[in-house]
Amino acid sequence: MGHAPRAAAILGLLRFCLAQANFAPHFFDNGAGSTNGNMALFSLPEDTPVGSHVYTLNGTDPEGDSISYHISFDPSSRNVFSVDQNFGNITLVEELDREKEDEIEAIISISDGLNLVAEKVTILVTDANDEGPRFTQEPYIILVPEDTPAGSSLFTVHAVDRDTGSGGSVTYFLQSLHSTKFAMDRHSGVLRLQAGATLDYEKSRTHLVTVVAKDGGGRLRGAHVVFSATTTVTVNVEDVQDMAPVFVGTPYYGYVYEDTLPGSEVLTVVAVDGDQGRPNHLVYSLVNGSSGAFEINETSGAISVLQNPSQLRREVYELHIQGANAKFNLRLVGPGGIFRVVPQTVLNEAQVTIIVENSAAIDFEQSRVLTFKLLAIEVNTPEKFSSTADIVIQLLDTNDNVPKFTSHYYIARIPENAPGGSNVVAVTAVDPDTGSWGKVKYSIYGTGADLFLIHPSTGLIYTQPWANLDAEATARYNFYVKAEDTEGRYSLAEVFVTLLDVNDHYPQFGKSIQEKTMVLGTPVRIEATDQDAEEPNNLVDYSITHAEPANVFDIDAHTGEIRLKNSIRSLDALHNITPRGDFTWSLEVQAKDRGSPSFSTTALLKIDITDAETLSRDPMAAFLLQTKDNPMKAVGVLSGIVAIVVAITILISTATFWRNKRSNKVLPVRRVLRRRSSPAPRSIRIEWLTFRRAKTATKFMLKEGSPNENCNNSSAGAPLPPKAPALPSPPRMASNTVTHWTVPTVSGSLNPQEPQPSPQAPASGSPVRSSVVSELKKKFEKSVDKKAYF
């Protein structure tokens, strides 16, 4: 018999423990290729547009509780994704770049409000053909001897493409497909001299070869694209000794006069080596025609007469040498300080090079073509003959400009009820560079950018398709927009978006609108609030829509204060205009906002009316009246009274304890055995109730269950206290049975006491007093019923 209750208790405890257990939620593992679950083996192309829904976190809770989803990242990394906590939808909020970050680590978590389970996942970023080939180790300038055999390899160019697959493969070819001197190996990038072609330093000392590198193409944002890059290989031809010396300024003429002395110089010849890149030392000599009359200095080329003019046999001598002529200066005529010419002094002929002197003065965006004149003027001749040549320099663009917004900030206003995908504002940035360098890509970021998207090409900012704007929750958003070119040069602008309030909320009355108590001469106030964000949508006007009779109350349309009409100054006046003599009115009041269209709310208001004189005669009624609309105030006052009583009891007990302790009497140690006392007679509790009735509830009397014992309310004295019922005899204790205590009961009823006639009191009863008595009666009956079981 004793094991059964224990087993039942253990089983109940086990059931209680199981009922209290709460198991953690968990994610579904749907494996690779799935777009929902726990993001296991999830991969994402790097060209996925920002704002795309890329995955859905999915899990469950064993108890079926509602769950929420979260995603977080390492503080040192970017927050690439955002998640809808309720539905688990993951949205891409930052652009991906596999070449910079091919893996993204994130922590996903699921919570049922009590338990949270977190998992670390790795998202793979797959490649898209978004990179073009780039040549390495530029510029390419090579020196090739002019006697290099045809078909020889001259140089190898190299370009890399950071994409993978076909998008990362690179092939090479020459821009000029009909080149007669050079050829390019498309796979290796080796530049060769064409078969049958030769180089000639004396004809062309420099060759500019344009090489194109092209990738194998691939998919980018749904289209097949191919990227390419170009570079220039400068081939400088190196001179070798394959040309004979050349006289400059031939033919030469010299004169011998009659008084010319033997050994005098009659003229000087000048010759230069045909191999001007690396000229050799020249030696002059007379080949024929001298007949011993002339000689030449083998170093300087000066010719001297050896004989006396009278001894010369011929009038004309034709001497065969080899020699030179003409020295002139070169300079540029045009915008100064930008270029200079090299060399500046030339003998006979020279290859001219234009060198940049001031690169800061060259701007492709200001002038794409620069025009100069090259002036050549003789140095040592009295005539100073000159000649000019036009030089046209075409500039090539470089990415030397940053995209710039037309404004430092943009301000936009949209209504809060705008649907998802609504246009907000268009931003514009300009990059004066040409080609791909001048293309601008837009993006937005910042704490306020979650509800917005931007078109990467047009700069149009619009709301997310799922965006639900609410001016009452957030009225203003602030974020940044970035304009970036293909090489990552960028600028920023700030965007301010203000939500325009729409009248989409009804005025709402507070909970205290249901019942009000009015003291004559003092208004009562009703209040309704409108959750709209701006005026006039949140301004409320009040009115009374229905009342019977209709000529009792006035209401202030702006403050909501309800007053009696000026003609009503006493309860008697109210009694005269109220057919039933009632002092409680039900009004239908309306709160209406000033928006367009306007919204309104109506409520039923119950007003009890009393006067100050009645409240002064009945403090308890006044207290209950004051706390009627605020029950917690009454609870607080009662709690304070109880606390004071407890504190006084503790002080008295403490004082008594210390007084006995300080006494000099030595009390003997006694062992006192006490028998458990029977429950106290209920008559004591009934007498207490009767005593309390005499003080706080004078309007009530306790009536016994017998119908023949009625209270005489007409007696001038205090009513007699009721008698407590006889207690039942205590049950006999059996050694082998469990004792069951019998709870005595008290039966009785509460009747309102007739009010004593008073010459000061009005003939009619107070409505507030009546309502207070009714409430006190209910509370008193509940208190008696409850105490009867303790």
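A salt bridge is a side-chain nitrogen of Lys or Arg within 4 Å of a carboxyl oxygen of Asp or Glu. Side chains of opposite charge can pair when their charged atoms come close. In this predicted model, the count comes to 14 salt bridges.

One of them joins R78 and E101, with the closest N and O atoms 3.5 Å apart. R78 sits in the loop between β6 (68–72) and β7 (81–83), and E101 in the loop between β8 (89–92) and β9 (103–111), so the pair ties together parts that are 23 residues apart in sequence. R78 is partly exposed, at 36% relative accessible area. E101 is also partly exposed, at 26%. This pair belongs to a network: salt bridges that share partners join R78, E94 and E101.

Another salt bridge connects E95 with K441. Here the closest N and O atoms are 3.3 Å apart. E95 lies in the loop between β8 and β9, and K441 lies in strand β37 (residues 441–445). The pair links distant parts of the chain, 346 residues apart. E95 has a relative accessible area of 29% and is partly exposed. K441 is partly exposed too, at 31%.

R594 and D541 form a further salt bridge, with the closest N and O atoms 3.0 Å apart. R594 is in the loop between β49 (584–593) and β50 (600–610), whereas D541 is in strand β46 (residues 540–546). The pair therefore ties together parts that are 53 residues apart in sequence. R594 is partly exposed, at 36% relative accessible area. D541 is partly exposed as well, at 24%.

Key
Residues numbered from 1 in each chain as written. Predicted model: local features only at pLDDT ≥ 70, side-chain atom pairs only at ≥ 80, totals over all residues. Heavy atoms only, no water. Helix = DSSP H or I, 4+ residues; strand = E, 2+ residues; numbered from the N terminus. Buried < 20%, exposed > 50% of the residue type's maximum accessible area, 1.4 Å probe, protein only.
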